[in-house]
Amino acid sequence: MKKSVLINSEISSVIAKMGHTDMLTICDSGLPIPKNVERIDLALKHGIPTFLDTLDAVLEELQVEEIVIATEIESVSSEMYKEIEKRFKNVKITKVAHEDFKVMTKESMAIVRTGEFTPYANIILKSGVVF
């Protein structure tokens, strides 16, 4: 049996296949998911699982060198923005308009959908190199 925190086989498989700068998106329950990108749907009901719980589990296994978030999160969901910032103190944070963010998700290896309802609780994680 797997020893690390992340036990979801679909997410673990995607992370194992990721190379340097490959992207994985974690999103709220409302983000449109492109048809050509693998969908890993964890959403059970309103708020379950949360965006942050899902992000924290993924970060146990994925080395991240850059994140991409929507500019709008800073003003619309400032508490969520602060929580994201705490987790990425030494990581490049790129902010783009939400419409541009949605276009960028088309390049993700997979999109993990959570039960989160906080507006703009979406993140693209760019894989880094483990030293």
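Analyst: Happy to! Let's take helix H1, whose buried residues are Ile11, Ser12, Val14 and Ile15; buried means under 20% relative accessible area, exposed over 50%, and partly exposed in between, with a 1.4 Å probe and protein chains only. These residues sit on the same side of H1, because they cover an arc of only 160° around the axis, the arc being that of the directions from the helix axis to the C-beta atoms. An α-helix has 3.6 residues a turn, so residues three or four places apart point the same way.

A word on the source: this is a predicted model, in which local features need pLDDT of at least 70 and side-chain atom pairs count only at pLDDT 80 or more, while totals for chains, interfaces and linings use all residues. Residues are numbered from 1 along each chain as its sequence is written, and side-chain values use heavy atoms, leaving out hydrogens and water.

On the face turned away from the buried side, H1 carries the exposed residues Ser9, Ala16 and Lys17. At the N-terminal end, Asn8 caps H1, with a side-chain oxygen 3.0 Å from the backbone nitrogen of Glu10.

What lies over the buried side? The cover includes E1, E2, H2 and E5. Helices (H or I, at least four residues) and strands (E, at least two) are DSSP runs, numbered from the N terminus, and contact means heavy atoms within 4.5 Å.

Now for the sheet. Its 6 strands form an open sheet with mixed pairing, in the order E2-E5-E1-E6-E3-E4; two strands pair if DSSP finds at least two bridges between them. The edges are strand E2 (38-41) and strand E4 (92-96), each pairing on one side only. On average, neighbouring strands are turned by 20° against each other, direction ignored. Axes here are lines fitted to C-alpha atoms, for helices over the stretch in contact, and angles run from 0 to 180 degrees between N-to-C directions.

H1 (residues 9-17) packs on this sheet, touching strand E1 (23-27), E2 and strand E5 (110-113), and its direction makes about 140° with that of E2. Helix H2 (residues 51-59) packs on the sheet too, where it touches E1, E3, E5 and E6 and makes about 155° with the direction of E1.

Stepping back, the chain has 5 helices and 6 strands, and buried residues make up 44% of its 131 residues. Among contacts between residues at least 6 apart in sequence, 88% join residues at least 24 apart.

How values were computed
Polar contact = N/O pair within 3.5 Å; in protein donor to acceptor, adjacent residues only side chain to side chain.
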